[in-house]
Protein chains: 2
Amino acid sequence: MRSEDIARLAGVSRSTVSRVINNYSDIPQKTRDKVLKIIEQYHYEPNTSARVLAGKSTSTIGLFVVSLSEQPGVNRIYQNNYFAPFVDAVIDTANAAGYYVLVHTIYAEEDFAKVKQAFLQKRIDGGIIVGTQKNAELIGGIARIGLPFVLIDYDVADILEHRLSDSPITVVNSDDYEGAMAAMNHLISAGHKEIGFISGHMNTYSGKQRFRAYEAALRTHKLPVRPEYVLNGRFLKQAAYEETKRLLKLDRLPTAIFSANDDMAIAAMNVLREHGLRIPDDMALIGFDDVPVAAQLIPSLSTVRLPIYDMSKEAVSRLVGMFENGAGTLSSVSFPTSLIIRDS
Amino acid sequence: MRSEDIARLAGVSRSTVSRVINNYSDIPQKTRDKVLKIIEQYHYEPNTSARVLAGKSTSTIGLFVVSLSEQPGVNRIYQNNYFAPFVDAVIDTANAAGYYVLVHTIYAEEDFAKVKQAFLQKRIDGGIIVGTQKNAELIGGIARIGLPFVLIDYDVADILEHRLSDSPITVVNSDDYEGAMAAMNHLISAGHKEIGFISGHMNTYSGKQRFRAYEAALRTHKLPVRPEYVLNGRFLKQAAYEETKRLLKLDRLPTAIFSANDDMAIAAMNVLREHGLRIPDDMALIGFDDVPVAAQLIPSLSTVRLPIYDMSKEAVSRLVGMFENGAGTLSSVSFPTSLIIRDS
DNA sequence: GTGAAAGCGCTAACAT
DNA sequence: ATGTTAGCGCTTTCAC
């Protein structure tokens, strides 16, 4: 069933059918109804490829989830409490706004070709990229294609430095520094003087900010910054697990641990439990993200809440805004986090 | 940049460029290399719409997540431990097989139009649908379009009845009946004689099978089937929460509860805890699905494991198989479940 | 208000 | 082995 068939059945020309489909104003209600009736009756839907080729938009948003991890297969997003909500929230809000979502996961450096490909092949009107490590070359490469895109969790300064401020890029961040600072201040106010840190990935913006706040908080309160208390977690459960085990072998332990995300905090929790340490009595613990399980655990996990749904929604609506207002230039937003004190 | 530009730059015709791109055999290595070099150099990627319009496939799989729930907004998939893994696993395996995935969520009856639309508009080569309630009309409607698709969790008998066995449909199920039976037998062997049930959605295949096994197990062992012990959960956390509260108001309580999924079992756990009941001493609890949190809870939740990753992978590979072998007819697989005994 | 016709970027049958 | 050409199904400019 093609538009020509509809035209014949309705006794009009293909152009009239097209006008009806695209809601042209200069077409009498009578003709419109007649055509619409046939379309309805035959369940006709215009061929997307043909429409796009003729100049229409794809009504499709690309969503690229970047999760580079050294151990392949270990950080699949469906086991990742941070990415999964983004995927779902973006799909939700994009669908509600009338867009299809093309999702692609990037687990290896070479898969990045796939994101440029999706843009270059004109499969999408624009994209949302979450989880990118600092990589101006990549961002520049995509920007050069000219289609708008949104980066979730990225350092705006890095984009500015590479003179990309005229490109249609939107950056959506959370106030990671402030959130981490709040968590640290809470621990310090509670009297903790020896605080450990499980770091995220230092090449991501959020990972960096959370670490910076950790250090700054200690310095501000003239507390010791001990290298052996900084665990290299890279946002990975497994790494956090190993590193926490290593920490417990030290002669002298911190009394609290601040983890750059909840997944790693939970891994640490398991290690602590295995070693017979009580939480929070022997070791206080604060995570980051407020993943759904955090509240379910016993003891429930104190954490810094990230407004993932709002961030995703904003990413979609900004992207759609760029479609409608014709590209635009660099812009950014940052969402406030909130400290959630629970039992840990 | 179009194929014509590449042709000009390489000093050949557009058809030669096309032949190179599509790996035709009758083209000398020298010409191939020359063209490839230009393509590389200019980062050329053929326009997908044009290729599809000219008869190529889209290399895109549609993934439709159906989650009809009475309370809108309450059952978003990112809070749903059952759907999220399917989404991620399908994306993972499809991407690995060289396919893009177009994901759409269906939260209301009228959104079903979107799935037929995606097929009709030729946006996808085929689709995977998870979470459908029994609805032969819908299935028949999609089948009539002629593109292959996979149903995850659907009653094969229903498809047979509606004479759809010649359509390119694959059904991927899990052994829900057997799994539920194993859980029930475990409880019964442990001496439980009064067993409650939190039901899933009776219109889904898995929901139905899990309930059937519950009843059958009780009957087989000549144990009482008490209507007041059957809670109407519809796979929803909230409903399970309310219903469990209702259950606890009864004069006489069961000593064990079997829940049709883990999310509801966890909701029940919370209610039990709030009422000061100990698990498993005062009330034993077994869930279904083995969602990631199940193992993290205290007490950890005994459950029936669903091989979601394998099911998703099979769904993708069967779909791709139908693409390659030209449609085909109805087929189905069912995956074994396994009883995971933990502390609850 | 509506139709005719050109063109979007590609593939593939046909011709050489 | 490579070029020429006719579509694929739609949108849109230009005529009428």
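## Basis

This is a predicted model, in which local features need pLDDT of at least 70, side-chain atom pairs count only at pLDDT 80 or more, and totals for chains, interfaces and linings use all residues. Residues are numbered from 1 along each chain as its sequence is written, chains are lettered from A in the order in which they are written, and side-chain values use heavy atoms, with hydrogens and water left out.

## The A–B interface

Chain A brings 44 residues to the contact and chain B brings 45 (contact: heavy atoms within 4.5 Å). Together they bury about 4,300 Å², with 56% of it on carbon and sulfur atoms (buried area: accessible area, 1.4 Å probe, that two parts lose on being put together, summed over both).

On the side of chain A that touches chain B, the elements giving two or more residues are α4 (48-53), α5 (83-96), β2 (100-106), α6 (112-120) and α12 (262-274). Helices (H or I, at least four residues) and strands (E, at least two) are DSSP runs, numbered from the N terminus. α5(A) gives the most, with 7 residues.

## Strand pairing

β2(A) pairs with strand β2 (residues 100-106) of chain B in the antiparallel sense, over 3 bridges (pairing: DSSP finds at least two bridges between the strands). Val103(A) stands opposite Val101(B) in β2(B).

## Thr16(B)

Thr16(B) lies in helix α2 (residues 14-21) of chain B. Thr16(B) counts as buried because its relative accessibility is 15% (buried: under 20% relative accessible area, 1.4 Å probe, protein chains only). Leaving aside residues up to four places away in sequence, Thr16(B) touches Ile27(B) and Thr31(B).

Terms used. Buried < 20%, exposed > 50% of the residue type's maximum accessible area, 1.4 Å probe, protein only.
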